[in-house]
Amino acid sequence: MMGALVPLAGSGCDYEEDEDEAPPSDDPGAARCADSPPRASIGTNHGHRLQIPREDVETAQPKSYDIRGSSGHPHTVNVSAADFSALSGGGSISLTSTNDAGHTHTVTLSCA
């Protein structure tokens, strides 16, 4: 079950699921990745985190991210140049993490 995105301590895009909070507004007039880093929602989350700096969206170069967070096992998410382009245009993307500990996670990235 996927909950709302709740900011964690720190800077950049550092979000995890929270069952009690309402999701952020999907206001089309809100800032895009040019003004703030993308938000990440990790499905069936159990401690994983993803932080993507705004600069990575701006440079639009393929990049891999470790989403281990406080979980006891790693997963990697690969973001392509086309994915970054979709984000910078205000879209959202869904990616599947690597399979570790017998499972994967769906990671959804979007710009507010």
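This is a predicted model: local features need pLDDT of at least 70, side-chain atom pairs count only at pLDDT 80 or more; totals for chains, interfaces and linings use all residues.
A salt bridge is a side-chain nitrogen of Lys or Arg within 4 Å of a carboxyl oxygen of Asp or Glu. By that rule, the side chains of Arg-54 and Glu-58 form a salt bridge, with N and O 3.3 Å apart.

The protein has 112 residues, of which 34% count as buried. Two helices and seven strands make up its secondary structure. Read from the N terminus, these elements come in the order β-β-β-α-β-β-α-β-β.

The average pLDDT of the protein is 79, and 71% of the residues score at least 70. Over residues 1–31, pLDDT stays under 50.

Now to the charged pairs. How many salt bridges does a search of the whole structure find? The search finds three. Arg-54 takes part in the one with Glu-58 already described. Both of these residues lie in helix H1, which spans residues 54–59. They are four residues apart, about one turn of the helix. Arg-54 also forms a salt bridge with Glu-55, where the closest N and O atoms are 4.0 Å apart. Arg-54 has a relative accessibility of 28%, so the residue counts as partly exposed. Glu-55 is likewise counted as partly exposed, because its relative accessibility is 43%.

The remaining pair is Lys-63 and Asp-56, whose side chains meet in a salt bridge with a distance of 3.2 Å from N to O. Are these two partners buried or exposed, given that buried means under 20% relative accessible area? Asp-56 stands at 12% relative accessibility and therefore counts as buried. Lys-63, at 37%, counts as partly exposed. As for links between salt bridges, shared partners join Arg-54, Glu-55 and Glu-58 into one network.

Which residues of H2 are buried? They are Asp-83, Phe-84 and Leu-87. These residues lie on the same side of H2, because they cover an arc of only 100 degrees around the axis. The buried residues of H2 pack against H1, E4, E5, E6 and E7. After H2 comes Gly-90, which has a positive phi near 95 degrees.

A buried residue is also found in a loop. Ser-71 lies between strand E4 (63–66) and strand E5 (76–79). Its relative accessibility is 9%, so Ser-71 counts as buried. Leaving aside residues up to four places away in sequence, Ser-71 touches His-46, Gly-47 and His-48. With His-48 there is a polar contact between the two side chains, at 3.5 Å.

The last point concerns backbone angles. Most residues other than glycine have a negative phi. Thr-44 sits in the loop between strand E3 (39–42) and H1. With a relative accessible area of 51%, Thr-44 is exposed, since exposed means over 50%. Ala-101 likewise has a positive phi, near 55 degrees, in a residue other than glycine. The loop that holds Ala-101 runs between strand E6 (92–96) and strand E7 (106–110). Ala-101 is exposed, its relative accessible area being 59%.

Key: Residues are numbered from 1 along each chain as its sequence is written. Side-chain values use heavy atoms; hydrogens and water are left out. Buried means under 20% relative accessible area, exposed over 50%, partly exposed in between (1.4 Å probe, protein chains only). pLDDT is the predictor's confidence in each residue, from 0 to 100. Contact means heavy atoms within 4.5 Å. A polar contact is a pair of N or O atoms within 3.5 Å; within protein, one must be able to donate a hydrogen and the other to accept it, and residues adjacent in sequence count only if both atoms are side-chain atoms. The arc is that of the directions from the helix axis to the C-beta atoms.
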